[in-house]
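Subject: Structure handover

Hello,

Here is the structure I promised to pass on. Please open it alongside this email.

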Amino acid sequence: MSAFRDLASPAPRVEAATADEVDTSGSLTVEAATPSGSVRVEPAPRVEPAALYDDPKKFAPPIPRAEASHLSVASLRGSGADFEGEAAVIKGPVQKNFFKRALPFLFDERDFVSYGEVARFVFVKGNCIFVYGQETDTSPLYLIEMQEVTVVQEDPRKPDKNSYTVSPRVNTNEGRESLVTLLLKDRVKGKLAYQISFDTSKDKGMAKRFLDVVSVNSKRYGSEVVTASVVTKK
């Protein structure tokens with residue numbers, strides 16, 4: 001009997017669980033939705049296509065003359081080039097003496113220079129054509145603003161009377177066959193301001209690229225350039 005004395009006392013008896021009755025709420029009424037007035041939808045306003053800024057040259061402002069006259073090739077290349085390459089560049093027309101002016105039918109031989117004498121480095125960017133003595137020069141020899149000139153291609157068989165013949169062939173007044181010459185004339189006075197001759201012997205499309213760039217950039221910066229199609233040299 002003593003073994004049962006250490007057992008736990010039985011659990012006390014509890015009453016059965018009861019729950020209070022839930023009060024019934026009054027009947028619920030739901031009002032019907034009232035139709036709103038007619039909805040007028042305005043069409044979305046038309047907008048221009050978004051402009052992509054992946055071509056910084058398209059939105060580049062014109063280069064001021066004061067700033068451009070001190071720019072080196074290296075500094076211009078930092079923000080991209082529209083065109084660059086070697087060409088023979090001559091500033092101004094042929095200087096005719098009294099006899100050539102007074103008696104052109106007797107003194108009609110053309111003035112000529114060799115390509116090497118007037119070889120320059122040409123760089124085009126924005127509204128400017130930069131002409132350097134060499135690619136490494138720190139500033140240009142000439143700065144040509146496109147809005148001041150028009151450009152035409154010279155016919156080698158009927159050259160401009162005020163232009164030079166560059167590297168003439170033997171027994172002829174015509175320049176070397178591989179040369180394509182472009183004449184830059186003053187937009188207001190119509191006089192020859194510069195002539196640029198490209199040697200296409202190694203790059204047949206060089207003159208065409210220059211002409212295309214000048215044409216596009218001139219229109220972009222508010223002027224027009226009169227051009228002639230470049231004849232492919234064979």
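Predicted model: local features only at pLDDT ≥ 70, side-chain atom pairs only at ≥ 80, totals over all residues.

Helix H4 first. H4 covers residues 206–220. Its 15 residues should span 21 Å at 1.5 Å a residue, and the end C-alpha atoms are 21 Å apart, so the two figures agree. Just after H4, Gly222 adopts a positive phi of about 90°.

H4 has a run of buried positions: Met206, Ala207, Phe210, Leu211, Val213, Val214, Ser215, Asn217 and Ser218. What lies over them? The cover includes strands S1 (83–91), S3 (119–125) and S4 (128–132). It also includes S6 (149–153), S8 (179–186) and S9 (192–199).

Next, the strand pairing. S1 pairs with S3 in the antiparallel sense, over six bridges. Ala88 sits opposite Ala119 of S3. S1 also pairs with S9, again antiparallel, over four bridges. There, Ile90 faces Gln195 of S9.

Now the cores. The largest nonpolar core has 25 residues. Those touching the most other members are Phe83, Val122, Val124, Ile129, Leu184, Phe198 and Phe210. Two or more residues each come from S1, S3, S4, S5 (142–145), S6, S8, S9 and H4. H4 gives the largest share, six residues. In soluble globular proteins, nonpolar side chains tend to be buried together.

Val122 is worth a click. Beyond four places in sequence, Val122 touches Phe83, Glu84, Gly85, Ala87, Val89, Ile129, Phe130 and Phe210. A second, separate core holds 11 residues, among them Ala68, Cys128, Tyr132 and Leu143.

Last, Arg120. This residue belongs to strand S3. Which side chain of opposite charge is nearest to Arg120? It is Asp137, 7.9 Å away. A salt bridge needs a side-chain nitrogen of Lys or Arg within 4 Å of a carboxyl oxygen. Arg120 is buried and has no salt bridge. Leaving aside neighbours within four places in sequence, Arg120 is in contact with Gly85, Glu86, Ala87, Val89, Val131, Tyr132, Gly133 and Leu141.

Best wishes

Technical notes:
Residues numbered from 1 in each chain as written. Heavy atoms only, no water. Expected span 1.5 Å × (residues − 1). Buried < 20%, exposed > 50% of the residue type's maximum accessible area, 1.4 Å probe, protein only. Contact = heavy atoms within 4.5 Å. Lys, Arg positive; Asp, Glu negative; His and termini not counted. Pairing = 2+ DSSP bridges. Core = buried A, V, L, I, M, F, W, Y, C linked by side-chain atoms within 4.5 Å.
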